[in-house]
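Okay, thanks everyone, let's get going.

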Amino acid sequence: MGKLEYNSSRPAIEVDDETLVHLKIVMGTKLRRHESFMMTWPAAQGRAGRMTAWMHPSIPLILEFDSEDLPKVDGHRIERMMTALNARGELVLDDLP
């Protein structure tokens, strides 16, 4: 289980390495283009609710993988994620294609 840490102000978001490698590409593409967006995920285990962050190129983003070997990237999954993100302006982690 990898981790995504954003702005160091909250606990890291736990994401499996396979999903994290795809998020890395999608988020990196958007932020490299200076395209801000929102990202939403379920609250930490044991808490109710949801968290949403405004993703912006000027805010530090750290991706931590558990494994040294990155999972294989599925180009079709990247396309589906980018399409969903571009359609609604929000990346919903628990609803990723």
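One term before we start: I say two strands pair if DSSP finds at least two bridges between them. And keep in mind that this is a predicted model.

So, bridges. In β5, Glu5 has Ile62 as its bridge partner. Zooming out, you get an open sheet of three strands, ordered β2-β1-β5, with antiparallel pairing. β2 (13-15) and β5 (61-64) are the edge strands, each pairing on one side only. On average, neighbouring strands here are turned by 20 degrees against each other, direction ignored. Lying across β1, β2 and β5 is α1, which runs at about 30 degrees to β1.

Now over to α2, residues 75-88. With 14 residues, α2 reaches 20 Å from first C-alpha to last, close to the 20 Å expected at 1.5 Å a residue. Which residues of α2 are buried? That would be Arg77, Ile78, Met81, Met82 and Leu85. They end up on the same side of α2 because they cover an arc of only 130 degrees around the axis. What do the buried residues pack against? They pack against α1 (17-32), β3 (37-42) and β6 (90-92).

Last bit, the two ends. At the start of α2, a side-chain oxygen of Asp74 comes to within 2.9 Å of the backbone nitrogen of His76. Just after α2, Gly89 takes a positive phi of about 70 degrees.

Note on methods
Residues numbered from 1 in each chain as written. Predicted model: local features only at pLDDT ≥ 70, side-chain atom pairs only at ≥ 80, totals over all residues. Heavy atoms only, no water. Helix = DSSP H or I, 4+ residues; strand = E, 2+ residues; numbered from the N terminus. Expected span 1.5 Å × (residues − 1). Buried < 20%, exposed > 50% of the residue type's maximum accessible area, 1.4 Å probe, protein only. Arc of directions from axis to C-beta. Contact = heavy atoms within 4.5 Å. Polar contact = N/O pair within 3.5 Å; in protein donor to acceptor, adjacent residues only side chain to side chain. Axes fitted to C-alpha atoms, helices over the stretch in contact; angles between N-to-C directions.
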